[in-house]
Amino acid sequence: MKRLLHAGGQALYCAVCVALCAALLFRGDTVREGVKAGLTACAQVVIPSLYLFMALSGTIAQSRTGELLSRPLSLLTRRVLKLPACMGPAVLLSAIGGYPVGAKTIAILLERRQIAREDAERALCFCCNAGPSFVITAVGAHLLASARAGAILLFIHLLCSLFIGIFLSLRLPVPAKRERPAEGLPFGEAFILGVNGATSGILTICAYVVIFSALGALLRESGIFVRLSFLLSPLLPPSEAAETLGALFLGLMEVTTGCMAAAALPGRLPLLLLPFFISFAGLSIFFQIRATLQPYRLRFAPFLFCRVLHGLLSALLSYPLLRLESSAAAAFKSAAAAIPYRTPNTPSVTLLMLAVSAMTLWSLAPSGKTKEEAGGKPAKKKINR
């Protein structure tokens, strides 16, 4: 039986590959448009909103700053979530930095051997969250025409994530405190490693966004959603069923394009689909996180199950609150418009970059006197050639 299933899976895989190759040959214009849309999303959405947080999270996790952040968060991390105290930065950054930032921080802690593989698998189930910029600014203010609706979505999203973390930790013991915490790297060295890791990580993320954008364009062009619209005919009119199926597929594949498609649907469907898409995060995020943690051989089945559970809980709790929000029922903006994000030119990010630059220069400055100066002898100047 296993051999039969394996053979069937291989045949399906080959058929899909052949179909994609044929689509690239005969639907080249559609693929190009999908790739352009994916690259536009990367330039306007992914890189401005994630790159700085990924570089910052990598720097914090590998420097002594991570140890300092772990201390005030130890009550939540150790007592409530039953994780080692060093996981504090991962929990914090996953709530403010966007989907892959938590996984990137977990990967760094695994590489430094500060956490066990079991802790990483459990933490991953609730350390994959949308960032405030995406939920409040993009989804709330620009798709739902209400920043307050975005704040409601973010609150429910993080609340459900915390609930999953507490539920998974109920019967586990409180981890023992380490007698001697692992020492972090000097800030200058940690900053270089953080930027290098963020650069490679953001390229991987953009690659998956482009691939799924091109695949979505091919499926829309094929008319498959129109042919399958009968599946929703008992619930929706035929004219809306195809659009809803298309939005469902896009949301399950990639969260950004899925939210844009869901916001363009009529009636109250966006109030159900948007919370689910934001919390489920899409298969694109799943593959990005799996690529980040691939060297550590983690089990991803619990993570995928918790993504579905997170999406259902968020949709269930957000829908009545969004209905009460009067501005959430306003006309949704066109899904064809690009989602604006905070750019590196905004004051908050500019100040953060100035602070990081100042800390880097301070860490590279001489920290004390040389041996010759301490003994009263003039120090010899070293000439770099």
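Colleague: How many helices and strands are in the protein chain?
Modeller: The protein chain has 18 helices and 0 strands, where helices (H or I, at least four residues) and strands (E, at least two) are DSSP runs numbered from the N terminus. This is a predicted model, in which local features need pLDDT of at least 70, side-chain atom pairs count only at pLDDT 80 or more, and totals for chains, interfaces and linings use all residues. Residues are numbered from 1 along each chain as its sequence is written, and side-chain values use heavy atoms, with hydrogens and water left out.

Colleague: What share of the 385 residues counts as buried?
Modeller: Of the 385 residues, 44% count as buried (under 20% relative accessible area, 1.4 Å probe, protein chains only).

Colleague: Which residues are buried in α5?
Modeller: In α5, residues 88–96, the buried ones are Gly 88, Pro 89, Ala 90, Val 91, Leu 93 and Ser 94. Just after α5, Gly 98 has a positive phi of about 105°.

Colleague: Now α10 and α15. At what angle do their axes cross?
Modeller: The axes of α10 (residues 187–222) and α15 (residues 282–293) cross at roughly 150° and come within 9 Å. Axes are lines fitted to C-alpha atoms over the stretch in contact, with angles from 0 to 180 degrees between N-to-C directions. That makes α10 roughly antiparallel to α15 (angles over 145 degrees).

Colleague: Which residues of α10 meet α15?
Modeller: Thr 204, Ile 205, Tyr 208, Val 209 and Phe 212 in α10 meet Leu 283, Ser 284, Phe 287, Gln 288 and Ala 291 in α15; contact means heavy atoms within 4.5 Å.

Note on methods:
Angles under 35 degrees count as roughly parallel, over 145 as roughly antiparallel, 65 to 115 as roughly perpendicular and the rest as oblique. Buried means under 20% relative accessible area, exposed over 50%, partly exposed in between (1.4 Å probe, protein chains only).
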